[in-house]
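Please study the sequence and the structure shown here before reading on. The paragraphs that follow lead through them step by step.

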Amino acid sequence: MRKSQVAPVITRFAPSPTGNLHVGSARTALFNFLFAKKHGGTFLLRIEDTDKERSKKEFEEDILAGLLWLGIAHDGEPVRQSERAEIYRTYLHKMIESGAAYEAEENQDKTGKVIRFKNPNIAVMFNDLIRGDISFDTIELGDFVIAKDRETPLYHLAAVVDDHETGITHIIRGEDHISNTPRQILIQEAIGAKRPFYAHIPLILAPDRSKLSKRHGAVSVSEYKKIGYLPDALVNFLALLGWNPGTDKEIFSIEELTAAFDIEKVQKGAAVFNEEKLKWMNREHLRALPHEEIAPMVLERLPEDLRAAAYANLDIGQKVLDRVILERIHVLSEVTALADAGEFSFYFSAPHVAREKIVWKKGTPEKTLAHLDKIANILHTASFESPDTIKAALSPYAEKEGRGEVLWPYRYALSGRDTSPDPFTISYVIGKQETIRRIQTARDLL
RNA sequence: GGCCCUAUCGUCUAUCGGUUAGGACGAAAGCUUUUCAAGCUUUAAAGCCGGGUUCGACUCCCGGUAGGGUCACCA
C-alpha cells in the first residue's frame with residue numbers, strides 16, 4: 001500500500017459553471033476538502049470555464065455560494081481557466097514544436113484548423129487509491145483533439161496544465177472520469193508533468209439507480225438550502241454516502257469528518273441517495289443546535305401573522321418553539337407547512353370548537369360536562385411548572401374515570417383539532433388562565 | 001456495441017479466510033397512561049449465479065449475469 005508521502009497534499013475541486021452546484025459535485029468537493037485538511041494540505045478551487053457558450057456567471061456564483069454555505073472552504077483565490085489563456089497557449093505551442101501535437105486540417109465546419117494530440121498508442125496503467133490498478137490501451141483513443149485552435153484549449157489540456165501548474169498531488173473526482181484519465185496521463189507525459197495520485201469516487205444514484213437528475217426532486221445544494229436542510233447535515237450525509245469511518249458513529253460535524261476521513265475506506269460501488277435518511281440526519285443536527293441558533297431560523301419560516309403573534313407573546317412563542325415545533329420537524333420548511341395546516345395558531349388564539357366533537361366517541365354529553373368541570377377544578381390549583389406537573393395533577397382522575405373519557409374532551413377543548421400534541425403540553429404553553437377559559441367555553445356548548 | 005468500473009438486508013454500510021453476517025434509515029409490532037409527532041423496546045430483512053483455490057470462503061481467482069460509466073472541436 002502506498003503511504004502518504006512527505007510532500008504536502010494539494011487537492012482541487014474543478015467544477016464547470018454550466019449548472020448549479022449538484023449534490024454529487026458537492027460531495028466530490030467535500031472529499032477533496034476532507035482529504036486535504038486531514039493531511040494538513042491545501043484545497044484549491046478551479047473554475048473550468050473554457051466553454052464560453054455554456055459557462056455562466058450565475059452558475060459560478062451558485063457554486064461559490066453553495067460551497068461557502070456548506071463550509072467547504074477553498075484555499076486562496078479561485079483559479080479561472082478563462083483567465084489563463086496565455087499559459088495554455090505556451091504549453092500548446094511547445095507541444096506543437098516538439099511534435100507532441102499537430103494542427104489538423106479538418107474542422108467541424110471546415111473553416112479552420114484544430115489541434116490534435118499525437119497519440120503514441122501505448123498501454124497506460126495507473127493506480128487508483130480506491131480501485132487499485134486500472135489499465136487502458138490508448139490506441140482506440142486516436143489522435144484526440146486538445147484545442148479548438150492555437151488559442152483555445154479544450155478540457156483535457158487545460159485540466160492537465162492547471163493540475164501541473166498548481167502542483168496538484170491528488171486528483172479526487174467522480175468515477176465518470178476514469179475513462180478520461182488515460183488521455184490526461186498521455187498529455188502529462190508529453191509536457192513532462194508529474195503524475196498525481198488518482199482516486200475515483202463512486203457516483204450518487206437516484207432511488208431507481210439511474211443518474212440523479214431534476215426529475216427525482218432536489219439535486220442542487222441551493223435547493224436543499226431552500227427546503228430547510230442544515231449545511232452540517234447535508235455535509236454529514238454526503239460524506240457517509242460512499243464512505244464510512246468503520247465505526248457505528250453516524251452523526252459528525254465537518255471537523256469530526258476531517259479527523260476521521262480515510263480515502264481508502266471510500267466505497268467502490270455507486271450509492272443511492274436516500275432522502276429519508278438525510279431527513280433523519282437533519283433532525284439529529286437540528287436537535288443538537290443551540291436554542292439561539294434555531295429560533296431565528298424557525299421564525300423566518302413562520303407566516304407573517306404567526307410571527308407577529310409570537311413576538312406579541314414571547315412566552316407562548318418560546319414554548320411553542322421548544323415543545324411543539326422542534327419536537328416534530330425534520331427540515332425547516334416543515335415549519336411553514338405545519339403553520340399553513342393550522343397546527344400552531346390555536347396556541348395564540350382560542351380555536352373554534354365544534355360541539356359534536358367535544359364528547360369522546362364512547363362518552364356521553366352529560367358525563368363529559370361533569371369531566372370538564374372537574375378538570376377545570378383540578379387545574380385551578382395545579383402547578384403549571386411543566387407539562388409533567390399538569391399531567392400529574394390530572395392523572396388520578398383520568399385514571400379513575402377512563403383516559404379517553406377525560407383526556408379527549410380536555411385536549412379537544414384546548415385545540416379544536418382531531419390531532420394535536422397532548423393536552424398537558426397545550427395547557428403548559430397557553431397557561432392556566434387560558435386553559436380554564438377554553439374548558440369553560442367547551443362545557444358551555446354542551 | 002467497444003473499453004472501463006462495480007456487485008452484503010428495500011436503502012447507506014461493517015466484515016479485510018473462521019462472526020448466531022453487526023449497525024443505521026425506512027417498515028412492522030408493543031410500550032410511552034385519547035389522537036398526532038417524538039422517544040423507548042422488539043421483530044422481519046442481505047452475501048447475484050456457477051466454477052475453482054483452501055481444512056475453511058461474503059472475503060482470493062476465473063467465467064457468467066446484472067447495474068453503472070465512457071466513447072464530442074462539453075466538462
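The term pLDDT denotes the predictor's confidence in each residue, on a scale from 0 to 100. The model is a predicted one, and the mean pLDDT of chain A is 94. Of the residues in chain A, 98% reach 70 or more. Residues 1–5, however, have a pLDDT that stays under 50, and for this segment the model has 1 contact beyond four places in sequence. The model as a whole scores ipTM 0.96 and pTM 0.95.

Consider next a pair of strands. Strand S6 comprises residues 123–128, and a hairpin of 3 residues joins S6 to S7. The two strands pair in the antiparallel sense, with 6 bridges between them. Within this pairing, alanine 123 stands opposite aspartate 137 in S7. Is strand S7 largely in the open or largely buried? Strand S7 spans residues 132–137, and the number of its 6 residues that are buried is 0, so S7 lies largely in the open.

Strand S7 also takes part in the surroundings of the RNA. In total, 57 residues surround RNA strand B, and the closest are Ser16, Glu48, Gly269, Ser395 and Asp422. Among the elements that give two or more residues to this surface are S7, strand S8 (145–149), helix H9 (275–288) and helix H17 (387–401). Helix H18 (403–415) is another of these elements, and the largest share of the surface, 5 residues, comes from H18. Sorted by class, the surface near RNA strand B has 22 charged, 18 nonpolar and 17 polar residues.

Terms used: Residues numbered from 1 in each chain as written. Chains lettered and ligands numbered in written order. Predicted model: local features only at pLDDT ≥ 70, side-chain atom pairs only at ≥ 80, totals over all residues. Buried ≥ 20, exposed ≤ 12 C-beta atoms within 10 Å, placed from the backbone. Helix = DSSP H or I, 4+ residues; strand = E, 2+ residues; numbered from the N terminus. Pairing = 2+ DSSP bridges. Near = placed C-beta within 6 Å. Nonpolar A, V, L, I, M, F, W, Y, C, P; charged D, E, K, R; others polar. Contact = placed C-beta atoms within 7 Å.
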